[in-house]
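This report describes a structure part by part. Look at the sequence and the model before reading on.

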Amino acid sequence: MPEYVLGHHLKGEGKRLALMSELLDPMHLRYIDALGVVRPGARTLEVGCGNGSISAWLAERVSPGGTAVAVDLDLSLIQVHLPNLELRQADIVAGPVERGTFDLVTARAVLLMLPMHKP
Amino acid sequence: MIASLKAGGALLLIEPDFLPVSVAEPPEVRAFWEGWLAWSRDRGIDYFIGRTLAPRLASLGLTNISGTAETAIYNGDSLWAEYWIETITELRGDLIGSGKIDEALVNNFLAYCADSNWWTQTIAFTAVHGRTPGG
């Protein structure tokens with residue numbers, strides 16, 4: 001399993017992720033909203049979910065009937081738990097989470113860390 | 001990620017592009033970022049990936065591709081400055097140990113991050129989206 005340059009085990013990583021959420025979530029959510037695919041019943045996938053703030057928002061927006069899947073190498077900093085939020089520890093480079101099942105796939109500040117950058 | 005989408009599903013990627021640091025002021029801050037980028041290349045991090053997203057999605061068969069980049073303009077003692085203080089403090093040993101940045105550059109940069117009269121911009125966050133064919 002690959003590792004982050006700034007691993008989730010580092011003392012300040014929770015605070016750094018919280019700052020990133022505060023600074024970048026408004027932009028991220030605005031773009032998601034504009035796509036018009038996140039609605040009740042939809043399935044969404046966030047790759048590299050960090051502290052889970054975006055996936056938590058997605059889980060609320062796809063309810064009822066939808067599911068938000070959040071994937072990360074390390075789920076230890078996830079602070080939110082919702083009935084339709086599925087947390088999965090996985091390495092996206094190893095292959096697709098599920099083939100052909102999601103209405104939205106999103107990632108933020110993830111590909112820059114991957115050796116081959118293939119979406 | 002594309003393989004996980006339904007037909008007609010949407011992919012949204014937001015990745016950094018450090019273009020703005022090429023004009024960062026003052027020169028010692030620009031020198032800090034030059035060292036940061038040299039360190040990141042050694043660590044396999046691509047801080048210029050933002051500009052590559054749209055052509056990559058096109059080459060992988062997505063349609064309706066478009067995007068924009070947004071750059072925060074911030075001052076010392078702001079949330080962005082706090083983010084960088086946290087990050088540089090966490091990485092300080094690795095940065096200096098790499099030989100790409102020295103103590104003086106780090107200390108100067110951290111001092112600017114604490115100075116509310118210093119204004120700057122660092123990352124163009126590039127948001128690109130596209131759709132899988134069909135749907």
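## The nonpolar core

The largest nonpolar core has 63 residues, and those that touch the most other members are Val47(A), Leu104(A), Val105(A), Leu11(B), Leu12(B) and Leu13(B). A nonpolar core here is a set of buried Ala, Val, Leu, Ile, Met, Phe, Trp, Tyr and Cys residues joined through C-beta atoms within 7 Å. A residue is called buried if 20 or more other C-beta atoms lie within 10 Å of its own, exposed if 12 or fewer, and partly exposed in between, with C-beta atoms placed from the backbone. In soluble globular proteins, nonpolar side chains tend to be buried together.

Apart from neighbours within four places in sequence, Val47(A) is in contact with Val71(A), Ile92(A), Val105(A), Ala107(A), Val110(A) and Met1(B). Contact means that the C-beta atoms of two residues, placed from the backbone, lie within 7 Å.

## Source and numbering

The model is predicted: local features need pLDDT of at least 70, side-chain atom pairs count only at pLDDT 80 or more, and totals for chains, interfaces and linings use all residues. Residues are numbered from 1 along each chain as its sequence is written, while chains are lettered from A and ligands numbered from 1 in the order in which they are written.

## The sheet across both chains

Seven strands form an open sheet with mixed pairing, in the order β3(A)-β2(A)-β1(A)-β4(A)-β1(B)-β3(B)-β2(B). At its edges stand β3 (85-89) of chain A and β2 (63-75) of chain B; each has a single partner strand, so one side of each is left without a neighbour in the sheet. Neighbouring strands are turned by 15° against each other on average, direction ignored; the strand axes are lines fitted to C-alpha atoms, and angles in general run from 0 to 180 degrees between N-to-C directions. Strands (E, at least two residues) and helices (H or I, at least four) are DSSP runs, numbered from the N terminus. Two strands pair if DSSP finds at least two bridges between them.

The chains meet in this sheet where β4(A) pairs with β1 (residues 5-15) of chain B in the parallel sense, over six bridges. Arg108(A) has Ile14(B) as its bridge partner in β1(B).

## Strand β1 of chain A

β1(A) pairs in the parallel sense with β2 (residues 67-72) of chain A over five bridges. In β2(A), Leu45(A) has Val69(A) as its bridge partner, and Glu46(A) stands opposite Ala70(A).

Which residues lie on the two covered faces of β1(A)? Arg43(A), Leu45(A) and Val47(A) are on one side, Thr44(A) and Glu46(A) are on the other, and all are buried. In a regular strand the side chains alternate between the two faces of the sheet.

## Where the chains touch

Chain A brings 40 residues to the contact and chain B brings 34 residues. On the side of chain A, α1 (13-35), β1 (43-47) and β4 (102-108) each supply at least two residues, and α1(A) gives the most, with 12 residues. The residues on this side divide into 27 nonpolar (Ala, Val, Leu, Ile, Met, Phe, Trp, Tyr, Cys and Pro), six polar (the others, Gly among them) and seven charged (Asp, Glu, Lys and Arg).

## Chain B

Chain B has four helices and three strands, which run β-α-α-β-α-α-β from the N terminus on. Of its 135 residues, 38% count as buried.
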